[in-house]
Amino acid sequence: PISPSCGDGRQIMVKFDPSVLRYMSKDEFRVLTAVEMGMKNHEIVPTELICRIAGLKKGGASKMITLLHKNKLIFHDAKKYDGYRLTYLGYDFLALKAFSARGKIKAVGRQIGVGKESDIFVVQLTDGKEAVLKIHRLGRVSFRAVKNKRDYLLHRKSASWLYMSRLAALREYAYMNALHKHGFPTPTPIDVNRHCIVMSKVNSIPFSQVRSLGDPGLVYTRMMNLIVRLAEHGLIHCDFNEFNTMIHETTHKITMIDFPQMVSTKHKDAEEYFNRDVECVRVYFGRRFKFHAEKWPKFFTDVKTEVSLDTELEASGYKNHEAEYQAYRSVILRSEEKEIKEEETGKEVMAEEKEELPEEGKELLAKKEVSSASKTPMDAKKSTNLKNSENFGKVEEGGDEKVIETSEDPLEEKGGSQVATRDEKNTNQDEDEDEDEDEDGASTRAVADTKNEDEKKKRRPGRRKKRITRESIRAKVKKGLKGRAGGRTRN
């Protein structure tokens with residue numbers, strides 16, 4: 001584990017070795033507790049204050065401080081003044097000492113898991129059973145945005161990583177205890193102290209280690225039902241994925257873990273978090289097991305709040321946005337109901353119209369639907385062109401075939417002499433008009449030429465700026481150097 005320091009941001013690698021715990025004396029724990037108490041008001045606790053809180057003589061307290069510093073349970077900082085602060089290892093030892101004093105833990109075993117904000121160890125209880133010890137370690141390099149992403153600090157602006165780890169552990173224990181009482185598949189909480197939680201060991205494996213499933217649909221429905229059931233109790237997990245769920249190898253029972261980031265269903269971003277949990281499960285099943293579900297739960301339609309655990313636990317966003325949540329929920333439900341009613345009424349109207357039609361009309365409708373379905377884009381273009389071409393004749397339906405009627409010889413309808421005289425008059429008028437056009441043509445052309453010249457002048461762009469490139473700059477520099485050199489030689 002990494003223990004981040006205050007001020008300069010240096011980090012000290014501390015190995016968790018609980019064997020040192022059995023050799024520590026009461027005075028050492030007394031001094032270690034004094035440093036913890038001093039850190040409530042001090043970033044670096046002065047040496048004099050440690051001696052005063054511990055109630056030991058200066059010589060005895062300084063000896064204990066050197067031993068604790070040697071075992072890396074405290075960190076020495078003498079930049080501004082001579083003082084010390086707790087490391088994560090010292091905080092671990094204080095929690096383990098409290099568990100052993102309460103008669104909860106007898107021994108600490110191997111490490112079975114590590115995450116971005118915690119370490120997991122196997123421990124032995126006083127009755128001989130195995131349990132799990134989760135140690136929160138906020139402030140690691142992989143997850144330092146916790147102050148912005150979690151509301152642990154509430155009204156505070158800043159706090160140490162040790163204090164924030166303590167808040168995270170207390171919140172997770174409260175969530176686990178409440179969910180376990182309401183019958184949710186979680187580990188059984190046993191005890192909590194500082195930043196450590198003791199819980200029962202689950203006889204399952206992480207879901208991320210499963211390579212194949214006999215019935216992925218069954219597991220998928222169980223996980224989706226669990227997400228909906230959580231929301232019905234007023235909570236959203238916010239990190240429901242393959243790494244925070246465990247599955248039994250034979251029964252395929254799902255167990256949830258990791259709860260400190262849970263929020264209320266009245267949170268302003270509750271719908272987004274709910275959809276993110278659902279999407280994580282859908283994507284993972286499609287990628288790992290090639291199972292693509294057609295249905296998945298929706299926040300406003302499938303979730304009906306039955307128990308308000310969020311108000312009981314004071315989850316994030318449980319009271320700040322309750323009115324907005326209720327109003328938004330009602331709007332969404334109304335719009336969805338309206339869409340369903342419109343679809344149903346549209347289908348009923350279509351069915352009634354079809355029933356009112358005679359048999360011949362129904363047959364024509366069926367033919368039209370088949371032809372429209374089989375039409376290509378080119379056929380559609382041809383049909384529109386035929387409809388728009390009215391000048392070529394009228395289209396009439398004669399039986400099954402369509403006949404286009406056009407007038408072939410207009411001279412047969414009217415007398416030949418009348419048509420001839422009309423043609424002569426038209427030719428004489430055309431000749432007179434041509435003569436007038438020749439006289440006026442010169443003047444109109446001159447005016448048009450002047451207008452074109454003016455337009456061209458207007459359209460002419462201004463003098464374009466030369467494009468400046470590296471080659472042009474080099475050429476200018478060379479010319480300038482040559483001119484200077486020539487001037488010097490003349491002089």
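**Note on a surface patch and the salt bridges**

1. Ile468, Ile473 and Val477 make a nonpolar surface patch of about 300 Å². Patch residues have over 30% relative accessible area and no salt bridge, with nonpolar side chains (Val, Leu, Ile, Met, Phe, Trp, Tyr) joined within 5 Å and like charges within 9 Å; areas are Shrake-Rupley values with a 1.4 Å probe, and for residues only the protein chains shown count as cover. Ile468 counts as exposed because its relative accessibility is 68% (exposed is over 50%, buried under 20%, partly exposed in between; 1.4 Å probe, protein chains only).

2. The model is predicted: local features need pLDDT of at least 70 and side-chain atom pairs pLDDT 80 or more, while totals for chains, interfaces and linings use all residues. Residues are numbered from 1 along each chain as its sequence is written, and side-chain values use heavy atoms, without hydrogens and water.

3. The count of salt bridges is 10, each being a side-chain nitrogen of Lys or Arg within 4 Å of a carboxyl oxygen of Asp or Glu. Asp92, Asp119 and Arg137 are linked in a network of them.

4. Lys134 and Glu172 form a salt bridge at 3.0 Å, N to O. It links distant parts of the chain, strand β8 (residues 130–136) and helix α6, 38 residues apart. Lys134 is buried at 7% relative accessibility, and Glu172 is buried at 1%. Helices (H or I, at least four residues) and strands (E, at least two) are DSSP runs, numbered from the N terminus.

5. Arg102 pairs with Asp191 in a salt bridge, closest N and O atoms 2.9 Å apart. Arg102 is partly exposed at 43%, whereas Asp191 is buried at 10%.
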